[in-house]
Amino acid sequence: MLGCVVPSFGWYPEDWTRLQNCAGIWAGVWLTVTPTEHGLSFLDGEYAALVRFRLRVPLQPEGGPCRRGGTRGSARWRRWYDPEGDHAHSCARNSGTWTRRHGHLRDQLKTMLRWLGFWAEAEQADSRLPHRPDVRAQGFTLPLTHFEVHVSHPQRSHMEAAQDRRGSSNCAFVEEAWRRRLDRHYAGGPPPNAPFQLIPAVVCSYGGWHPEFAQWWRGAVRAAAERAGPTASPQGMLWRSVGFLSVTLQRQNFQVLAGCAPTLEHQVQGRLGRPLSEVPEFWRAAPEAAVLWGGEELGYPPSPRGDALEPVGPDSDLLHSAAGHVRAAGMWL
Ligand SMILES: [Zn+2]
């Protein structure tokens with residue numbers, strides 16, 4: 001299939017890798033999660049920039065020099081903020097925002113594990129592991145489990161062979177990132193009979209999680225829902241917890257993108273932390289199909305967009321999902 005796509009549309013292997021990662025496990029959750037809580041909500045500027053980043057639509061029409069500067073000479077190209085913002089994921093001077101993204105995700109993971117009823121602490125060393133994992137969790141029904149949090153961006157500058165490998169499935173990239181992390185920090189990983197688990201909380205910057213993490217999380221939510229009794233909704237608990245992780249990652253991705261490009265930061269300055277007394281951003285910015293789907297599948301309240309929303313049937317509305325994404329990115333159709 002790749003062989004057909006590349007020549008007819010003029011795509012490159014790195015575009016295919018990006019598409020596969022956009023289709024990763026739970027990669028689209030942040031687009032459709034209902035913003036019933038602050039931690040599940042975006043600001044307009046964040047949402048528009050992140051949709052643009054996902055679609056690879058320019059964030060800055062011409063690009064521009066990285067606002068963090070850099071050395072001249074051979075490394076000069078590194079100082080250029082490309083229109084699509086990939087620079088921000090490899091600029092050495094932007095590493096502070098990557099570290100903060102990692103820290104926020106680690107803390108959110110700890111919070112969600114506690115919300116599910118487990119004991120969880122960050123940065124607990126285990127003498128049986130050569131590297132200190134990010135989160136340690138335990139519970140009555142949960143054996144000792146360590147999590148390593150790792151966010152990785154599929155760099156476009158890698159050679160074609162690496163791109164083909166990373167684009168071979170929707171989780172090939174995160175699986176490769178985890179293998180690399182295991183080799184580098186965990187001596188290849190704990191033995192199969194270890195009395196604990198080491199789970200890869202590994203996620204792509206486009207939002208797709210490692211399949212092992214997703215499988216573990218589904219099981220943990222099921223167990224928590226069973227403990228909570230017949231009134232608990234496993235589906236609701238899954239969406240809330242994955243939604244928090246997904247939105248945390250994307251809001252921090254915005255900070256990474258903005259780290260080198262001053263204009264993005266100005267879009268949301270002074271508005272971070274705004275209470276949700278206004279109509280949440282989702283209802284104004286999300287694709288109609290997402291709003292419709294949320295209403296049908298999860299019983300969200302009807303869209304407060306009111307009369308401004310054109311009356312369309314369910315069938316035609318689903319066809320508009322792509323158009324909705326493009327409109328959310330701030331483009332005319
Ligand atoms: Zn930079």
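Among contacts in the protein chain between residues at least 6 apart in sequence, what percentage join residues at least 24 apart?

1. The share is 70%, where two residues are in contact if their C-beta atoms, placed from the backbone, lie within 7 Å. This is a predicted model, in which local features need pLDDT of at least 70 and side-chain atom pairs count only at pLDDT 80 or more, while totals for chains, interfaces and linings use all residues. Residues are numbered from 1 along each chain as its sequence is written.

2. The protein chain has 14 helices and six strands, taken as DSSP runs (helices H or I of at least four residues, strands E of at least two) that are numbered from the N terminus. Of its 333 residues, 38% count as buried, a residue being buried if 20 or more other C-beta atoms, placed from the backbone, lie within 10 Å of its own.

3. Four strands form an open sheet with mixed pairing in the order β3-β4-β5-β6, two strands being paired if DSSP finds at least two bridges between them. The edge strands, β3 (119-122) and β6 (197-204), each pair on one side only. Neighbouring strands of this sheet are turned by 20° against each other on average, direction ignored, with axes fitted as lines to C-alpha atoms.

4. Strands β4 (residues 135-139) and β5 (residues 142-152) are antiparallel and share four bridges; A137 has T145 in β5 as its bridge partner.

5. Strands β5 and β6 run parallel and are joined by eight bridges, with V149 partnered by A201 in β6. Because six of the eight residues of β6 are buried, this strand is largely enclosed by the rest of the structure.

Technical notes: Axes are lines fitted to C-alpha atoms, for helices over the stretch in contact, and angles run from 0 to 180 degrees between N-to-C directions. A residue is buried if 20 or more other C-beta atoms lie within 10 Å of its own, exposed if 12 or fewer, and partly exposed in between; C-beta atoms are placed from the backbone.
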